[in-house]
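Subject: A structure for you to look at

Hi there,

I am passing on the structure we talked about, so please open it and have a look around. My notes follow below it.

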Amino acid sequence: MERDGWSSRRAFILAAVGSAIGLGNLIRFPYICAKFGGGAFLAAYLVAMVTAGFPIMLLEFGLGHKAKGAAPKALRRISPKLAWLGWAAVGVGFVIVVYYNVIMGWAFSYLLESPNIAQWAESAGTATNHFNNVTLGLTGNAFTFGGFQWRIAIGLLITWAAVVLSVWRGAKTVSKVVYATVAIPWIILLVFTVRALMLPGAADGLRFYLNPKWKELANPEVWLAAYTQAFFSLSIGFGVMIAYASFLPRRTDLTRSAVVICFLDTLTAFVGGLAVFGAAGFLAQHKGVPVKEVLNDMKGLGLAFKTYPIIIAKLPSPTLFCGLFFLMLLTLGIDSAFSLLEAAASAVRDKWNLSQTKANLAVAIPGFLLGLPLVAGCGLYWLDIVDHFMTFLGAALVCLAECLAVAVVFGVGRLRRYVNETSNSRLGVWWDIAVSFVAPAALVFLLVTEIGQRVNGSYEGYPRSAEFLGGWLILLLLPLAGIVLSLLRGKDEQEENGKSEEGDVFAEPVE
Ligand code: PHE
């Protein structure tokens, strides 16, 4: 069967950049960076990028390109015993898209509310009240279900519809859509950055953001944050990059593409930080408090839904800027969301030979339905728990398993030679060392530290039962689901032992 591909390498790079650049760059990165030592965190982040982010991205590119298939097929080609791991990776991505789209639903709800921003975002009190009580209908704890938020549910439905349409004919449609979904948020981001830097007090914010506190590097948590942020931000460990690379033609340049994608992703996070901290400095000056105090409310989602609206409400033409801000969030997020859908849908297509439409719906409909409980008043709590476990443990476990699968079973040298054959730029032996030792060591450290912390106390003090259901249980179910899916009969069993339509693509390359 002919596999539809990207219209050009540029389309592929844009799609991968679109997947990488998302809510993580704007909502997660600046906050973590300021919390963990500003410029010093930036240094830790760059180390994480070079020692694990880039090498694993290239590993995923190599696997997907070589197998011409999504994660389950790519890992099955290494060994039929590893197909479950590919499904588990796709599973982590699927769980992420379920709640990622709920956040998009919130942004949608805010977009509709932009005309009244001056009222609901007058102060920290009104903004928090609006987010918690009006938008989310937040209950007192994770087990009090609360009311169902119709507006978010509609936003969720629209998001899913847009996501499905964006991947309607797979890579062919995505090739067109990404020009808009990458360019629009970038242009708006530039507008916001310039605007924020011109605000009085911006310099204080920037000082807080970038002033390196080198002492922080001795804190293991900083490294934990740097590595998890790198994985989440580059969309690795979710099956996305494997699927995206599988749509490339035989001759391409995997290495150079990965360099460009890593660079653009980091640049966006950095610029996002300028916009966020310039504005934070302004708010601090306005309130007459130190920047540090403003920062407390900027944690994660609070930044987009509580702090930023207050700042926008104080600018001239708040409605316009509010609309632009949430449009930016939506366009930033949508290409990340549809990359996750495509990762899962292409895995389904590989396995059962379904049409694109059927495969998309087979993933999107359950994804939408599973997101509905998160639209209830207690949704935020569950979203927070699931997010933490998937990004800190799920993706890290997948990345570690992928490194080991390549290092121990497939052979790093063999994959590097393959990558070098397809690319003009040459990848050195350092990559073998990164994939076999450095990245796995960093991942083991990350996992041990995180698990140790969870043994000592539940995440954010949630009840252990909620942590179990939203965290550990899902984490346990994913590999089990992976095993079941890999055992089901599909097209892959007919292609006997690693032979594909084009012959044994995983045979030792001719040198
Ligand atoms: N990288 C995206 C972001 O930074 C999120 C994402 C994670 C997308 C995993 C795809 C896969 O927001």
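Let's start with the ligand, which sits in the largest cavity. Please keep in mind as you read that this is a predicted model.

Which helices give two or more residues to the shell around the ligand? They are helix H1 (9-20), helix H2 (23-35), helix H11 (220-234) and helix H16 (318-352). In total, 15 residues surround the ligand, and the closest are Ala20, Leu23, Gly24, Tyr100 and Phe232. If you sort the shell by class, you get 7 nonpolar residues, 8 polar ones and no charged residues.

Next, zoom in on the backbone. A backbone N or O atom of serine 19 lies 3.2 Å from a nitrogen atom of the ligand. For alanine 20, a polar backbone atom is 3.0 Å from a ligand nitrogen atom. Glycine 24 also has a polar backbone atom to look at, 2.8 Å from an oxygen atom of the ligand. On its own, the ligand has 320 Å² of accessible area, and the protein covers 100% of it.

Now for the aromatic rings: a search of the whole structure finds 31 aromatic pairs. One of them is stacked, because the rings of tyrosine 308 and phenylalanine 325 have their centres 4.7 Å apart and their planes at 5°. This pair links distant parts of the chain, 17 residues apart: tyrosine 308 is in helix H15 (residues 301-313) and phenylalanine 325 is in helix H16.

Enjoy exploring!

Best wishes

Technical notes. Residues numbered from 1 in each chain as written. Predicted model: local features only at pLDDT ≥ 70, side-chain atom pairs only at ≥ 80, totals over all residues. Heavy atoms only, no water. Near = heavy atom within 4 Å. Polar contact = N/O pair within 3.5 Å; in protein donor to acceptor, adjacent residues only side chain to side chain. Areas by Shrake-Rupley, 256 points an atom, 1.4 Å probe, with all protein chains shown as cover. 1 Å grid on protein atoms, 1.4 Å probe; cavity = no way out; pocket = protein on both sides within 12 Å on 5 of 7 lines; lining within 4 Å. Sits in = over half its atoms within 2 Å of the grid points. Helix = DSSP H or I, 4+ residues; strand = E, 2+ residues; numbered from the N terminus. Nonpolar A, V, L, I, M, F, W, Y, C, P; charged D, E, K, R; others polar. Phe/Tyr/Trp six-rings, centres within 6.5 Å; stacked < 30°, edge-to-face > 60°.
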